[in-house]
Number of protein chains: 2
Amino acid sequence: MPRQVDHDLRRRQIAQAVWRLATRGGLEHVTLRQVATEAEVSARLLQYYFGTRDRLLLGALEILNADAEQRAGQRLAELGEAPGMRALVRGVLWELLPLDEERRTRHLVYAAYFIPFVTDPALASAARDSPRALEDLVSGLLDQGRQSGEVPPEVDTEAESAFLVAGAIGLQTSVLLGQHSPEQAVELIEHRLDGVFAPSLG
Amino acid sequence: MPRQVDHDLRRRQIAQAVWRLATRGGLEHVTLRQVATEAEVSARLLQYYFGTRDRLLLGALEILNADAEQRAGQRLAELGEAPGMRALVRGVLWELLPLDEERRTRHLVYAAYFIPFVTDPALASAARDSPRALEDLVSGLLDQGRQSGEVPPEVDTEAESAFLVAGAIGLQTSVLLGQHSPEQAVELIEHRLDGVFAPSLG
DNA sequence: CTCTTTATGGTTCGATCGAACCATAACACG
DNA sequence: CGTGTTATGGTTCGATCGAACCATAAAGAG
């Protein structure tokens with residue numbers, strides 16, 4: 001063989017080029033030649049590592065998803081040993097906000113893939129399952145919080161978790177469009193968490 | 001002249017073809033030839049009515065916005081003479097949900113334009129102003145509701161209106177992705193309106 | 001020291017893109 | 001009854017696209 005090379009690293013290097021191009025001009029600017037130039041490799045390598053363009057787009061998305069999951073778990077672990085339900089829910093919701101360059105890029109890439117998510121059956125499943133799992137996760141955390149007394153018993157955990165996640169996603173797009181600052185988004189989520197974790201306020 | 005023709009009608013006919021193609025394959029599938037075929041006109045007409053492709057995309061978006069505003073006003077007017085603040089807020093939020101084919105198409109088109117909204121300065125302004133105005137509108141309605149007693153005085157109308165709009169937008173994407181049914185989205189919004197319009201529940 | 005496999009660069013092909021250009025039929029107006 | 005403007009169809013051009021193909025250097029296996 002030639003100089004042995006880390007395939008996963010190469011694939012990641014190429015995937016990152018896809019992300020950058022997608023965030024700049026949408027999928028329509030993600031052409032093989034552009035990606036090759038952006039990743040500083042020959043166009044031939046894209047074929048070698050991903051084959052066709054469709055599989056390149058799919059592969060870049062899978063790497064993005066893996067990254068997202070890993071980084072999210074990492075950040076949640078950094079909350080300490082017994083974080084409390086409110087901190088955990090906040091941590092989960094913050095993953096949905098573009099609070100740093102990494103998450104901003106990630107959510108912009110998802111936005112670029114949105115139409116394929118809706119129309120392409122191959123991608124639809126991934127898009128359908130992931131945020132639904134998030135909602136169940138938050139719902140489970142709220143249930144735990146109710147048992148530990150952090151959440152008052154009259155709270156509808158199903159509805160509240162669903163609306164919390166929906167609100168976070170709405171704030172995500174709002175921040176990406178420049179309508180709200182990241183700080184405003186955090187503040188609004190905190191205000192809603194006040195409503196869920198303390199019964200007296202609406 | 002040749003047979004006098006309604007220019008606005010023609011432009012609308014072409015714009016609708018753009019919308020359909022954008023919802024199916026994203027902006028990357030909105031090519032001049034595809035649009036011409038879809039609209040059943042010659043490619044030459046696209047140049048005649050819109051000029052370049054960029055201006056076609058911009059024009060199609062402007063027509064979509066005009067339609068949205070008109071239909072929204074129409075539906076809100078159908079609420080009757082003195083609808084009450086809750087009904088008005090609900091009506092505004094429902095405009096953000098894909099509750100019928102028209103609104104589903106509209107929001108899918110916006111999704112297809114999302115990356116340009118973020119990156120292209122020409123489109124950024126339109127995207128930045130519109131939902132912000134919505135938020136102010138809801139906020140104003142909540143203020144009126146507080147004066148009329150429909151909304152309890154301790155409610156933070158700024159924060160609640162912002163999170164209501166964010167939640168509706170999050171539910172919009174959720175419904176488009178097939179994670180929630182339109183009925184579920186309506187129900188979740190109703191649950192949150194319960195919290196804003198009645199002080200006892202969180 | 002071959003030989004085969006692996007990783008990579010470069011080139012080419014048919015299709016399609018956006019845009020400019022050429023032609024002309026339809027009709028109002030003088 | 002021209003005649004010039006308006007609306008439309010068709011064609012063409014250079015660029016670029018995705019993908020297949022050809023070539024070869026590097027390195028482990030025998």
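How many residue pairs are in polar contact between chain B and chain A? In this predicted model, the count is 10 residue pairs, both residues of each pair being at pLDDT 80 or more.

**Arrangement of the two chains**

Two copies of a chain are related by a rotation about an axis and a shift along it. Here, chain B is superposed on chain A by a rotation of 180° with 0.0 Å of shift along the axis, and the RMSD is 0.0 Å. The two copies are therefore related as by a two-fold rotation axis. The same surface serves both copies, since 98% of the contact residues of chain B recur in chain A.

**The interface**

The size of an interface is often given as the accessible area lost when the parts come together. Between chain B and chain A the buried area is about 3900 Å², and carbon and sulfur atoms give 64% of that area. Of the area that chain B buries against chain A, 18% is supplied by B:Ile115, B:Phe163 and B:Leu177, more than by any other three residues. The contact draws 48 residues from chain B and 48 residues from chain A.

Two salt bridges are found across the interface of chain B and chain A. A salt bridge links A:Glu28 with B:Arg53. On the side of chain B that touches chain A, two or more residues come from each of α1 (7–25), α6 (101–112), α7 (114–119), α8 (121–147), α9 (157–176) and α10 (182–197) of chain B. Among these elements, α9(B) gives the most, with 12 residues.

A:His180 lies in the loop between α9 (157–176) and α10 (182–197) of chain A. With a relative accessibility of 6%, below the 20% limit, A:His180 counts as buried. Leaving aside residues up to four places away in sequence, A:His180 touches A:Leu171, A:Ser174, A:Val175 and A:Leu188, and also B:Arg132 and B:Glu135 of the other chain. The distances are listed below.

**The annotated region**

According to UniProt, in an unreviewed entry, the feature "DNA-binding region" is placed at residues 31–50 of chain A.

Methods:
Residues are numbered from 1 along each chain as its sequence is written. Chains are lettered from A and ligands numbered from 1 in the order in which they are written. This is a predicted model: local features need pLDDT of at least 70, side-chain atom pairs count only at pLDDT 80 or more; totals for chains, interfaces and linings use all residues. Side-chain values use heavy atoms; hydrogens and water are left out. Copies are superposed by least squares on the C-alpha atoms of residues with pLDDT of at least 70 in both. Contact means heavy atoms within 4.5 Å. UniProt positions are given in the numbering used here, feature names are shortened, and annotations may be inferred rather than shown by experiment. Helices (H or I, at least four residues) and strands (E, at least two) are DSSP runs, numbered from the N terminus. Buried means under 20% relative accessible area, exposed over 50%, partly exposed in between (1.4 Å probe, protein chains only). Buried area is the accessible area (1.4 Å probe) that two parts lose on being put together, summed over both. A salt bridge is a side-chain nitrogen of Lys or Arg within 4 Å of a carboxyl oxygen of Asp or Glu. A polar contact is a pair of N or O atoms within 3.5 Å; within protein, one must be able to donate a hydrogen and the other to accept it, and residues adjacent in sequence count only if both atoms are side-chain atoms.
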